[in-house]
Amino acid sequence: MTYQDTLNWMFSQLPMYQRQGKTAFKNDLSNTIKLAEYLNFPEQHFKSIHVAGTNGKGSTSHMLASVLMEAGYKVGLYTSPHLKDFRERIKINGKPVSKQFVINFIKTNKVFFENQSLSFFEMTVGMAFDYFSKQQIDIAVIEVGLGGRLDSTNIITPEISVITNIGLDHTQFLGDTLEKIAFEKAGIIKPKVPVVIGETQTETTHVFRNIAKRNASKITFADKEVTDVFKSDLQGSYQLKNIITVLQTIKELQQKGYKISKKQIQDGLLHVVKNTGLLGRWQQIHSNPKVICDTAHNKDGLAYVMKQVSEEDFETLHIVFGVVNDKDLVSIMHLLPKKAIYYFCKPNIPRGLDAHILKDDMNKHGFQGDAYHSVNEAYKEALSRANTHDFIFVGGSTFVVAEII
């Protein structure tokens, strides 16, 4: 199989949450445990940091990897979803896994995957752990895919568990209250492994404290500990919370004997994009007019991003906007500015919400704009209509951003 053949098989044959939704969600780790055993437990051959949370876990993971790289470690990074190429999910020192490794891994293990009916995500986690083990990395930063307790990544015993924050997202899987979601995220807390919580939230603090106590795990709340912060090349104002989480996590690593200097921390935070290749976080893709894209897609994430949009200086605001079909539009509409021209579009995945349905819903609630056949058509129309003093924002879904960067 070619690389594209391999990806086509992975995407089309097997359930994948990002494309299909609920049918791809597994309610236990039995498949992942079988896969780990079949691959000779690769996750036991490298050290790791496990990162969960509703928002910020991707940025936090990339920042941590960048700092560790600056400190001279050979660093694996596992994240999801990807924006342009599947290989973005699995990197060592910022370099994506080779196409040949992806092809060979699937080809070698395809019969086992088919016999066990493994999901896309389970296979990908197995691939990442196998790759990191074979490449003899020093440490991996592993981002949770969905939730924590039942996530395929949750077979590792990390050096530190990190939970950035809790918001109402993926409630059909994780529960409909912050406490229930916190319980699922807290599933990554392991016996006697320190846990760093990024944000102190009244509704969730007791959940984390109770589970940490049960596991005899030291727990710290980063926003209560960190007073001095450093700058990052990740420009969103919301990144301040993630920087605080990273600084507390690094402090915990230092206490475990990791050699990381203040300058290496500063350099790591300033060179996240260069070191790791992170895309789509308050990323400027055009000037005159200024165009920013951001992958924020849930209530809390969009609230941060729309606040920053409101702080920009512009004559007219243009918003290229698309969502997936299980998005609760009512829960996010109040966050979006009505004083803007909207360009409604459907991300090019099965779960994408039809642009005309989105337009009708949004128009009914007072949002002005038209529907377009594709993300690119919507973006091109926005560019053609905007003058140099206008501002264009592209977002609503990771998959909308993926099509224009």
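**Surface, fold and selected sites of the chain**

The chain has an accessible surface of about 16,900 Å², and 48% of this area belongs to carbon and sulfur atoms. Areas come from the Shrake-Rupley method with a 1.4 Å probe; for residues, only the protein chains shown count as cover. The model is predicted, and local features need pLDDT of at least 70, side-chain atom pairs count only at pLDDT 80 or more, and totals for chains, interfaces and linings use all residues. Residues are numbered from 1 along each chain as its sequence is written, and side-chain values use heavy atoms, with hydrogens and water left out.

The secondary structure consists of 18 helices and 14 strands. Both are DSSP runs numbered from the N terminus (helices: H or I, at least four residues; strands: E, at least two). The C-alpha trace spans about 55 × 50 × 40 Å along its principal axes.

Of the 405 residues, 59% are buried. Buried means under 20% relative accessible area, exposed over 50%, and partly exposed in between (1.4 Å probe, protein chains only). Contacts (heavy atoms within 4.5 Å) were examined between residues at least 6 apart in sequence; 76% of them join residues at least 24 apart. The chain carries 47 positive and 42 negative charges, whose mean positions lie 5 Å apart. Lys and Arg count as positive, Asp and Glu as negative; His and the chain ends are not counted. Each charge is placed at NZ of Lys, CZ of Arg, CG of Asp or CD of Glu.

Helix α9 covers residues 205-214, and Thr205, Val207, Phe208, Ile211 and Ala212 are buried there. These buried residues fall within an arc of 165° seen down the axis of α9, so they line one face of the helix. The arc is that of the directions from the helix axis to the C-beta atoms. Lys213 and Arg214 are exposed on the other side of α9. The cover over the buried residues of α9 includes β6 (160-163), α8 (178-185), β7 (195-197) and β8 (219-221).

Helix α8 has its own buried set: Leu178, Ile181, Ala182, Glu184 and Lys185. The set covers an arc of only 160° around the axis, which puts these residues on the same side of α8.

Two loop residues were examined. Asn55 sits in the loop between β1 (47-52) and α4 (57-70). Its relative accessibility is 12%, so Asn55 counts as buried. Beyond neighbours within four places in sequence, Asn55 is in contact with Thr164, Asn165, Asn298, Asp300 and Gly301. Asp151 lies in the loop between β5 (139-143) and β6. Asp151 is also buried, at a relative accessible area of 5%. With residues up to four places away left out, Asp151 touches Leu29, Phe121, Val144, Gly145 and Leu146. Asp151 and Ala371 are 220 residues apart along the chain, and 36 Å separates their C-alpha atoms.

Leu302 belongs to helix α14 (residues 299-310). Leu302 is buried, with a relative accessible area of 0%. Apart from residues up to four places away in sequence, Leu302 touches Ala296, His297, Ile332 and Leu335. Leu302 and Ile156 stand 146 residues apart in sequence and 31 Å apart, C-alpha to C-alpha.
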